[in-house]
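Visitor: Hi, I'd like to walk through a structure with you. Can we keep it brisk?

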Amino acid sequence: MSEYRLSVGMEVHAELRTQSKMFCRCQVAFGGEPNTRVCPVCLGLPGALPVPNREAIQMVLRTALALNCQVPVDSVFHRKNYFYPDLPKGFQVSQYEETNPIGYHGHLMIHTSKGPKRIGIKRVHLEEDTGKILHLPGGGSGVDYNRAGVPLMEIVTDFPPDIESAEEAREYVAQLRQLLVYLGVCDGKMEEGSLRCEPNISVRRADSETLGTKTELKNLSSFRNVFLGTEYERRRQIAVLETGGTVAQETRGWNEATESSYLMRTKESEQEYRYFPCPDLVPLHFDRADVEAARAALPELPLAKLQRYQDEFNLSPQDAQLLTAERPWAEWFEAAVVAGGDPKAVCNWMNGDFARLLKETGQAAVIPGVESDTEGREPARMSPEILVKVAKLVADGTITGKKAKEVFEKAYMTGDDPASMVEGQTQISDTDFIRQAVADVIAEHPDPVATYRSGKGGVLGFLVGQVMRRTQGRANPPMVQEEMRRQLDETS
Amino acid sequence: MPITLDEVRHVARLARLELTEDELRAFQTELDALLGHFQDLQAVDVTGVAPKPHAVALQNVLAEDVARFGLTRDQALANAPKSRAGLFLVPSIRED
Amino acid sequence: MSNKLGQLTATEIAAALQRREMSAREVAQAFLDVTDTYGAFLHVDAERTLAEADAAQARLDAGETSPLLGVPVAIKDNISTQGRPTTCASRILEGYIPPYDATVISQLHGAGMPLLGKTNLDEFAMGTSTENSAYAVCKNPWDPTRSPGGSSGGSAAAVSGGLAPISLGSDTGGSIRQPAALCGLVGFKPTYGRVSRFGLVAFGSSLDQIGPFGQTVADVAAISQVICQTDGLDNTSLPDAPLGAMDLANASVKGKRFALPRELMSDAVEANVRASIEQAIRTLEAAGATVDHVDLPSLSLGVSTYYVIAPAEASSNLGRFDGVRYGAREEAPGHVESLMATRGKKFGHEVKLRIMVGTYALSAGYYDAYYLRAQQIRGLMVAEIDALWGEYDAILSPTSPCVAFPLGGFSHDPMALKQMDFCTIPANMGGYPALSLPCGLADGLPVGLHLMGPVRGDERLLELAAGVERELGCAPLRPGLA
């Protein structure tokens, strides 16, 4: 199998998170009764005309810049003409030609198990989505145009392809998705169809210069399926070639249940797109000053954050990965660091107890005073300031680590200042007090003491635990441990 | 070069027009005449000339991203040749 | 049946309404009584019209003095009217009743002008004689055996025949101006982008404009004030669309400079039309205007260029007619069969021809040679024409090379009919404002004089036209009058 090389070109379509459609002001939303978010424009009624959505263009521009693309000075929309019932105008407004799309000739650096890799991007362009066809039981089909006209961003990788493995294919989609969600341009919900990807897969003998025939794979609803599907196709195509056959250029669908691909019958024969600039839409003009302003306004991107958290905060790659997976989480972390928290401690609290509690309660982490989209979840009461306070109480020895967990949970539930929770419960680090407590426990437990002194050190934990019980958990555990050892060893 | 009947058939198919044989032949004649006139255009020197798709030069005419109500479902379906359960009905879409 | 109000201009009717000499309902009824003539109208909804007239009357009674308040208007049937059929004279839109109004319709409602009805046209505005209508033959009120011109033949016949005081049509290659010439009317195509196209069923999107027919320049200018507005629903709408102040009453041709391209006074122009135009030129010169012959070689490419661009855009615009959401549908077991049968059977011959030419011109291997090249040549034409505006106030020519021709006169030679647009096409190519006004009769039939101005020069063009109109003393020109 290693005598074959895999090449994957990836086409990703992302529905943009705008309020209204690309060329009309019908609402963009998921679900709902069919044909309730339509108007003359998105229904393609005779006489209706398109007007472009400013926000959609800004979103594509941001994405193009984040993907290191060139942005043309002038850009137009083209008509892609073909016939299908879900295409109300008989053409889709899109962008054609090499240097015309809002972004072209860019790249995305992805990290893989073999290190970082540069994936070239040919184009980032803006177009509109089609309606949905429902095949009805008993024959015939029904069309719902709620989705027709939703702004769609298409991102296509470079040719010849840089992606050479199923892992790279999966990581490209996953990390591109992360970038788009970071930018706030797409909600990334593959299961809802707001992010769709279609790999074009081919294999060739390792010593061959020319690429093999490619098949297009559709209906991949998750990263895992991207991996499985790509890998399946690789094996399938190699098997075809090994038996002396030729790979047919076709469109195949992925069956999640059987984890295999099947031949999809091609969409209506003989469609020629006859692209030409849409006469109803005036050109876009991208002032260089505006482009630079948009570039400067980009948020810190995931890869940059990942690196910075390791360099600046000395976090491990794994910890940094967890913190930077989603932008709101990373920004919460940064707010805590700004509030004086030790990055490592904050990281541990966040990836540990905080994450756990959020999951248990179904709440969302928010920073007070900062607007955020909790997607309907209740905002958690835990704030960066409070978390930092808890962390500090442990760091300066005021409470034990174990106590802190209780305090944290209480502060999470109530949103109260942790200082108010530790009165009478603070850690005791007074050496006399500890000496006495240890001495008392030794006196009360002669048998375990004897066991220890006979050489079985494991019983130390029990004895330390007794001191903790006796002091309502307030004695400073490391000090207790040290004192216990000292007294036990001393007397023997 | 005169347009062939096969080319006319191909164009009719691209445009999704079902034509009778008589129509195809009639269109062949008329298309030929039109294409003959287009030959005038080939002689013109257009090197470096920018196409003028828009009569008056405008750019960046954009709408604010604010959702507005469009049509009710009844209005949307009122002219449908066939509809049911809020959907526009079409005969079966064979993908071949 | 004759309509005594058919002799009045829109401005005169408006004044009579203001003076309470008649009611808006009476006016509307008088016109409704005669709509069934010349095949000018495709749909009339008398009840709706009268209700709109009553609403206008209420505004008159409240003391409102808007210029055309209560004056009924006829609308070409390719302009979307909510609740009234809009068929584009095609079987594929039989029964289609739009759920929305074109922007111009909202504007007319705002001005208190009742809609008289929807007028006949060449199917989807493709034609020069209105003979391509799938529903009815439209006749020229000057001679019912002759065509009123096209594609806005119905709107022209309506005003010319006294069936409507004023009307709207659309113009892609001359479809307002040529019927105006053949029917003895003033027909105006404003600068591209000054009248919203939202709701105009698209034919050649980069060429189409809505515009008025009237008996006088004053009427046409008055309704143009209503419909020349910026529209956020039309991306090609000019931000400076509204018309500025105009002084038509004091307009004069003295000292005005006209350019007459030799290409537009070629042998293709019939002798009787030429004579009429030359007479008009002499009249203008006697009044202190200058008329210079100029050479604009690119104009001879106008027809060919137009017949690449307009059908190409149309082939795309008409892709939406698939029988799924509106209009006619030929049922079949499968969608593709249904789609092809619907389009094959319900589109008329001329429409199918243009769809095919357009599809061909855009298809792989031909795009550069046809569509792209045609758009480049368009650029050359505009450059050539624009070089004149420093020296000339307007470009003058005949509107049509011939007077109204017999119905069926070109059935043997459809190509010849297409060639007739050569005087009017340049205005659509460059988006220039242009109008036709009557300059006399030739063998008892009207001849139209064509004036074209620079982009955004609508106000000066209308003033110039008013001056020319006064000098020529032709308008209003009515059939039946000696």
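Visitor: How far apart do the C-alpha centres of domain 1 and domain 3 of chain A lie?
Guide: They lie 67 Å apart. This is a predicted model, where local features need pLDDT of at least 70, side-chain atom pairs count only at pLDDT 80 or more, and totals for chains, interfaces and linings use all residues. Residues are numbered from 1 along each chain as its sequence is written, chains are lettered from A and ligands numbered from 1 in the order in which they are written, and side-chain values use heavy atoms, with hydrogens and water left out.

Visitor: Which domains does the assignment give for chain A?
Guide: Domain 1 covers 4–289, domain 2 covers 300–421 and domain 3 covers 431–491. Such bounds come from an automatic or database domain assignment.

Visitor: Now sheets. In what order do the eight strands of the open sheet in chain A run?
Guide: The order is β5-β6-β9-β1-β10-β11-β12-β13, with mixed pairing. Strands (E, at least two residues) and helices (H or I, at least four) are DSSP runs, numbered from the N terminus. Two strands pair if DSSP finds at least two bridges between them.

Visitor: Which are the edge strands?
Guide: β5 (103–112) and β13 (260–263) of chain A, each pairing on one side only. From one strand to the next, the twist averages 30 degrees.

Visitor: How many bridges join β11 to β12 in chain A?
Guide: Three, and the two strands run parallel. A:Leu217 has A:Arg252 in β12(A) as its bridge partner.

Visitor: Which strands does helix α2 of chain A lie across?
Guide: β1, β5, β6, β9 and β10 of chain A. The helix spans residues 166–183 and runs at about 115 degrees to β5(A). Axes are lines fitted to C-alpha atoms, for helices over the stretch in contact, and angles run from 0 to 180 degrees between N-to-C directions.

Visitor: What is the order of the four-stranded open sheet?
Guide: β7(A)-β8(A)-β2(B)-β1(B), and the pairing is antiparallel. β7(A) and β1(B) stand at the edges with a single partner strand each, so one side of each has no neighbour in the sheet.

Visitor: And what is the bridge partner of B:Arg84 in β2(B)?
Guide: B:Leu87. Two bridges join β1(B) to β2(B).

Visitor: On to helices. At what angle do α1 and α2 of chain B cross?
Guide: Roughly 105 degrees, and their axes come within 9 Å. α1(B) and α2(B) are therefore roughly perpendicular. Under 35 degrees counts as roughly parallel, over 145 as roughly antiparallel, 65 to 115 as roughly perpendicular and the rest as oblique.

Visitor: Which residues of α12(C) meet α2(B)?
Guide: C:Ala369, C:Tyr370, C:Arg373 and C:Ile377. Among their partners in α2(B) are B:Leu35 and B:Phe38. Contact means heavy atoms within 4.5 Å.

Visitor: Last topic, the backbone. Where is A:Pro160 found?
Guide: In the loop between β9 and α2 of chain A. A cis peptide bond, with omega about 0 degrees, joins A:Phe159 and A:Pro160.

Visitor: Which bond has omega near 10 degrees?
Guide: The cis one from C:Gly150 to C:Ser151. C:Ser151 sits in the loop between β3 and α5 of chain C.

Visitor: What about the phi of A:Asn68?
Guide: A:Asn68 has a positive phi of about 60 degrees, although it is not a glycine.
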